[in-house]
Amino acid sequence: MGNFLLLLAAVLPWTLLLAGDGRGTTAARVKLQSSFKETSFSPQELLLGPLDDESGSVKRYIAQHMSGKSDEGFYGIIATMDVYGFNLTTQQYTHGAVVLYDQVDRAVTSINIIQIGWEVAPARYGDSRTHLGSMWTTDGYTKTSCRNADCAFVPEKGAHMALGGVIEPVSQPNGPKHTITIKVIKDGMMGNWLVYYGFNGHNPVLIGHYPKSIFTGGLANRAAGLQFGGYVWNNATTPVPMGSGYLPKDDAVTAASMSNIQFIDQSGHPYPVPKDSHAYMTDSNIYAANPIMNGRFFYGGPMQ
């Protein structure tokens, strides 16, 4: 995965706010643990960007929220996120995403990861449009990885959106907001990871699935942890915008948001988590994430 910054984080126990389901009692059955050992992967090591095959000069930044470890594990996640567009170079990359993974121990080399969300990645697509992007791996991106529907992912026939597809229109920091809703959930019968997508408040619909058979580790059955927020890679001198490009302030008018965030249990039910979940930031002076309030948080940078 290149020369990742080995940043250690203390993962605190948390659960997310349920939006309108009325089944929040599920959260009481989920026991979260706050331990994060020095042998654990840092949050940056769970991600892959299109510049990760470049030299060690690539800078990576994260501003996100994280789950603790759960005895029961996680069987999915739902999140609604603003989407933005930028005129980036092939040396720059920005990503708003959710990440599911099955190991946090660096001694385990078979870590399985799914990351999915919106991205602007000229090096990957040959343009600066905003795309629905995804990556998965079964070895922590050390040797193998696959993007979008290039391999193994099975698109849903007749789906209105595909992995790698263009998202438009996009939001403006001081103007209209456009959102996507991503839902990744474990299929209780077949064991596949189903991917749902919705645009601008429409109910997310199935666009495809990751077959259970492609995962060699625990992700074949459940996720051990989740993280979600903003990620940027930069191999140029000009800073890369994360989220809307603006740091979240008290009024958060110009910053990007993620909302309606829910985890999913083994029965397929969403459940809430408290607002004091742990935020992890590589450098909060450049890119930051606010605490979760009412199931929503703001993130981004580096502009004031």
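Strand E4 pairs in the antiparallel sense with strand E15 (residues 256–264) over 4 bridges, where strands are DSSP runs of E with at least two residues, numbered from the N terminus, and two strands pair if DSSP finds at least two bridges between them. Within this pairing, Ile78 has Gln262 of E15 as its bridge partner. The structure is a predicted model, in which local features need pLDDT of at least 70 and side-chain atom pairs count only at pLDDT 80 or more, while totals for chains, interfaces and linings use all residues. Residues are numbered from 1 along each chain as its sequence is written, and side-chain values use heavy atoms, with hydrogens and water left out.

E4 also pairs with strand E10 (residues 179–186), again in the antiparallel sense, over 7 bridges, and here Ala79 has Ile182 as its bridge partner.

Elsewhere, 7 strands form an open sheet in the order E8-E7-E6-E5-E13-E2-E17, with antiparallel pairing. Its edge strands are E8 (146–147) and E17 (278–281), each of which pairs on one side only. Inside this order, strand E2 (residues 59–66) and strand E13 (residues 225–234) pair over 8 bridges, and Lys59 stands opposite Asn234 in E13.
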